[in-house]
Amino acid sequence: MALHKGSCHCGKVAYEVETDLAQVIECNCSICRRKGYLLTFVPRSALNVIRGEEDLATYTFNTHTIQHRFCSTCGTSTFGEGKQPTGEATAAINVRCLENVELSDIKPIPFNGRDARG
């Protein structure tokens with residue numbers, strides 16, 4: 001595990017997250033495809049918003065179970081929050097928002113979210 005720093009484009013929202021980036025998924029659901037997300041999932045307790053909690057806006061759709069969080073100033077989609085089927089709070093981190101992560105070194109795992117039923 002490593003501690004990664006992340007932020008939105010304008011810097012109003014900043015966070016730290018502890019993750020090993022062992023599994024990064026590239027989902028083809030309607031929102032992930034349009035936004036180009038690369039996601040890694042962590043327990044919500046591994047995510048610490050350092051600055052800008054009040055600058056985060058939330059978007060939900062479909063079953064309204066995932067809170068897609070984004071900066072209300074620059075629009076950058078930083079992470080999402082939801083619950084595992086077990087009820088555990090989880091965060092979906094947009095790896096593209098993490099500092100010092102070389103995206104070309106990551107081999108994302110395709111996920112067919114377009115056809116997933118939940």
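How far apart do the end C-alpha atoms of residues 4–112 lie, and what percentage of the span is helix and what percentage strand?

A: In this predicted model, local features need pLDDT of at least 70 and side-chain atom pairs count only at pLDDT 80 or more, while totals for chains, interfaces and linings use all residues. Residues are numbered from 1 along each chain as its sequence is written, and side-chain values use heavy atoms, with hydrogens and water left out.

The end C-alpha atoms of residues 4–112 lie 27 Å apart, and the span is 44% strand and 6% helix (DSSP runs numbered from the N terminus, of H or I over at least four residues for helices and of E over at least two for strands). An unreviewed UniProt entry annotates residues 4–112 as "domain: CENP-V/GFA", although such annotations may be inferred rather than shown by experiment.

As for the strands, β1, β2 and β5 form an open three-stranded sheet in the order β1-β2-β5, with antiparallel pairing (two strands pair if DSSP finds at least two bridges between them). Because β1 (2–7) and β5 (47–51) each have a single partner strand, they stand at the edges, and one side of each is left without a neighbour in the sheet. On average, neighbouring strands of this sheet are turned by 25 degrees against each other, direction ignored (axes are lines fitted to C-alpha atoms, and angles run from 0 to 180 degrees between N-to-C directions). Between β1 and β2, the antiparallel pairing extends over six bridges, and H4 stands opposite V17 in β2.
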